Amino acid sequence: MIINHVFLSENSNIQLLAPREQLNFYDSQSVVLPEEITVPDAWRMIVSNPLPIMKLAFQIRDRISSCFGVKPIKGFSGQWPDNLQVGDQLDFFLVEHISLSVLTLTARDKHLDVMTCITTDKTELIITSSVKTHNLFGRLYMLPVAIAHRLIVRSDLKRLKHKMIKDQSPLA
């Protein structure tokens with residue numbers, strides 16, 4: 001299902017599921033990188049080298065969630081398909097908007113809706129996630145996920161910056 005309307009945050013490139021005050025979860029984190037980066041390059045660099053614990057985290061999530069009729073997501077493939085377009089799947093996400101500087105992804109089910117918007121502005125990379133829950137399972141699901149999500153995104157942004165610095169080093 002492609003979204004019919006998008007709510008913009010203070011930064012007009014960042015898309016949200018709903019006005020911020022109507023969200024059940026909101027997280028926006030950014031990093032200034034040593035050089036310009038496009039969203040496709042940032043995505044590939046982050047998901048192609050996930051934290052080792054992520055595979056286990058996705059397996060646990062899928063096992064518990066399956067008891068409540070939620071489809072497994074199996075994690076990130078690390079792939080960026082050629083000619084990715086609005087309406088395509090990128091791993092477990094639906095692509096809602098795509099350009100070199102903005103990627104908006106959603107995942108929706110009967111328990112909650114998730115939107116992740118990745119934006120770049122020259123050397124700044126911003127990852128913003130917004131969630132609306134629909135029932136008790138959605139709210140309970142978000143209790144541990146909210147904590148883990150913030151830590152994972154923070155770690156991913158730091159690792160991306162360190163990788164880019166290392167790749168620039170003449171000794172690398």
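Contact here means heavy atoms within 4.5 Å. This is a predicted model, in which local features need pLDDT of at least 70 and side-chain atom pairs count only at pLDDT 80 or more, while totals for chains, interfaces and linings use all residues. Residues are numbered from 1 along each chain as its sequence is written, and side-chain values use heavy atoms, with hydrogens and water left out.

Start at T106. With neighbours within four places in sequence set aside, T106 is in contact with F92, F93, L94, E96, V114 and M115. T106 sits in strand β6. Strands (E, at least two residues) and helices (H or I, at least four) are DSSP runs, numbered from the N terminus. T106 counts as buried because its relative accessibility is 3%. Buried means under 20% relative accessible area, exposed over 50%, and partly exposed in between (1.4 Å probe, protein chains only). The side chain of T106 also makes a polar contact of 2.6 Å with the side chain of E96. A polar contact is a pair of N or O atoms within 3.5 Å; within protein, one must be able to donate a hydrogen and the other to accept it, and residues adjacent in sequence count only if both atoms are side-chain atoms.

Now widen the view to β6 itself. This strand spans residues 102-108, and five of its seven residues are buried. Two strands pair if DSSP finds at least two bridges between them. Strand β5 (residues 93-98) pairs with β6 in the antiparallel sense over four bridges. A hairpin of three residues joins β5 to β6. Strand β7 (residues 112-121) also pairs with β6 in the antiparallel sense, over seven bridges. Here T106 has M115 in β7 as its bridge partner. Three residues make the hairpin from β6 to β7.

Next comes S130, in strand β8 (residues 124-133). S130 is buried because its relative accessible area is 0%. Its side chain reaches the backbone nitrogen of L17 at 3.0 Å. Beyond neighbours within four places in sequence, S130 is in contact with L16, L17, L23, F25, D113, V114 and M115.

Last, turn to helix α2. This helix covers residues 53-66 and holds L56. L56 is partly exposed because its relative accessible area is 46%.
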